[in-house]
Amino acid sequence: MISSLSLAHVRSLDGREYRFVPGINVIHGKNGCGKTTVLEAVHLLAQGFSFRAHDLKELIAWNANEMILRGAFEYDGRELARAVQVGRYKNIVKENGEPLRAVSQFFGKAPAVIMQPSDIELLRGAPEIRRRWLDEILCFRSASNAKVLRDYRRVLQQRNQWLRQFKKDGAALGGEDLFHVLTDQLVALGAKLWAARISLSNEISPIITGYYRRLSGGVDTITCNYKSSILKDLDALDAAVFMDENELEAVAAESSPQYVPEGCDAGENGAGQNGAGSNPNDACVAGSGSASDAPVSEEMLKNAFAEKLAGLEFIEKLQGITMSGPHKDDLALCASGYEMRSVGSQGQCRSAAIAMRFAAVDVAARYLTKPVLLLDDIFAELDVDRRGAVASLIREKDCQVLIATPQVEELPFKADSEISLSD
């Protein structure tokens, strides 16, 4: 949890200091007064990145040359003091007085989970938004996952640079030998990343479907599957396509025990439903790349990825880009067998996004510690029943909560502490 925060020249806030209590902290004031900026500052100090700025320089007030953030967290019974100074040309990052190389090194000790109206893009938006969400909670599970992600992205960037140069000049620095070295490295790292993502998907799918069922009052259900073209290839390699549905579910259950939070019904364990329709791109069909279709080993993934890239080598050199890998995958949330990004209503998509955020809370609490829950005026977009369901889940989680809202009286619960930004 976070106990205090100070901000200097951070967007519209300057010379501000705030103290927070372990329960529900309500930050209120008129629109544009900086409520979201407070949440953003806490998220930056907790997670090591901003949820709304790609460059930390965007946080510097327009009439200032630098911004300074300081925060005190409690982690494993001890205080964790963090500070970030962002200038036009240099950043200074410290934890307990010791310098850090980058703000990203904050990640993994004092987690935070943000919920905001724009979370609907988790359902409506591009696959990269869902991959980013999945990879963030993947790193909650293990620091080694973060290293695999960094290494995979680095090798992918190097391989794409080689391919772009080859497309332009007909040759590239390092020649074919370097290309094959980079391909081998990408295959090995890609297999590790796939294995980690598939394991995570098996864990969180029933959690998401359970939370969604609660948020919808049991009226509606969804399914959640990890989609990857490489898993289609694995069906051909390991003959998993010939196993019937019951056999697949039994093997998957034995190989990857699933965690379901108290009070949530796992429903169909996140397994996809066969859905026939006129648009095959919108259908969530069992056997089309779902992580729960069949158990796969890292070695199987590696072999399939190597074979896939070998088949794509000619066209990759023509296009100048890596055309297959974990960076192309998606997480499919489906209702009635069809992806919600194309058929889900506003209410369904908002409920599914909230369910995904609560799943992140559970993963953080299980592998790290209870996260700080940051709510940016999320109740305005929900009907009465869903507001009550979200409020009930928040109380059950027993996390520290910071909620930004223009109307305190409209909240479905009582605040333990109030901070007015209009003073």
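## The largest cavity

The largest cavity is lined by M115, Q116, P117, D119, I120, R350, A353, I354, R357, I378, E381 and L382. Its volume is about 110 Å³. On a 1 Å grid over the protein atoms alone, a cavity is a set of points where a 1.4 Å probe fits but cannot get out, and lining residues have an atom within 4 Å of a point. Grid points are joined across faces, edges and corners, and a volume is the space filled by probe spheres set on the points. By this rule there are 5 cavities of 30 Å³ or more.

By class, the lining of the largest cavity holds 7 nonpolar, 1 polar and 4 charged residues. Here Ala, Val, Leu, Ile, Met, Phe, Trp, Tyr, Cys and Pro count as nonpolar, Asp, Glu, Lys and Arg as charged, and the others, Gly among them, as polar. Helix α10 gives the most to this lining, with 4 residues.

## The model and the chain

This is a predicted model, in which local features need pLDDT of at least 70 and side-chain atom pairs count only at pLDDT 80 or more, while totals for chains, interfaces and linings use all residues. Residues are numbered from 1 along each chain as its sequence is written, and side-chain values use heavy atoms, with hydrogens and water left out.

The protein chain has 11 helices and 14 strands; helices (H or I, at least four residues) and strands (E, at least two) are DSSP runs, numbered from the N terminus. Of its 423 residues, 52% count as buried, where buried means under 20% relative accessible area, exposed over 50%, and partly exposed in between (1.4 Å probe, protein chains only). Among contacts (heavy atoms within 4.5 Å) between residues at least 6 apart in sequence, 72% join residues at least 24 apart.

## Residue I120

I120, one of the residues lining the largest cavity, is found in the loop between β8 and α2. I120 is buried, with a relative accessible area of 10%. Leaving aside neighbours within four places in sequence, I120 is in contact with Q346, C349, R350 and A353. The C-alpha atoms of I120 and A352 are separated by 8.3 Å, although these residues are 232 apart along the chain.

## The largest pocket

A pocket is an open set of grid points with protein on both sides within 12 Å along at least five of seven lines. The largest pocket contains about 1500 Å³ of space. Its lining has 46 residues, of which Q47, F49, F107, R132 and E136 lie nearest the centre. These 46 residues divide into 21 nonpolar, 12 polar and 13 charged.

The largest share of the lining, 9 residues, comes from α3. Among the elements that each supply at least two residues are α1 (35–47), α4 (143–169) and α10 (346–367).

The expected span of a helix is 1.5 Å times one less than its number of residues. Just after α1, G48 takes a positive phi of about 90°.

Helix α4 has 27 residues and reaches 40 Å from its first C-alpha to its last, close to the expected 39 Å. Just after α4, G170 takes a positive phi of about 80°. D135, in helix α3 (residues 127–141), is buried, with a relative accessible area of 6%. The side chains of D135 and R153 are joined by a polar contact of 3.5 Å.

Note on methods. Polar contact = N/O pair within 3.5 Å; in protein donor to acceptor, adjacent residues only side chain to side chain.
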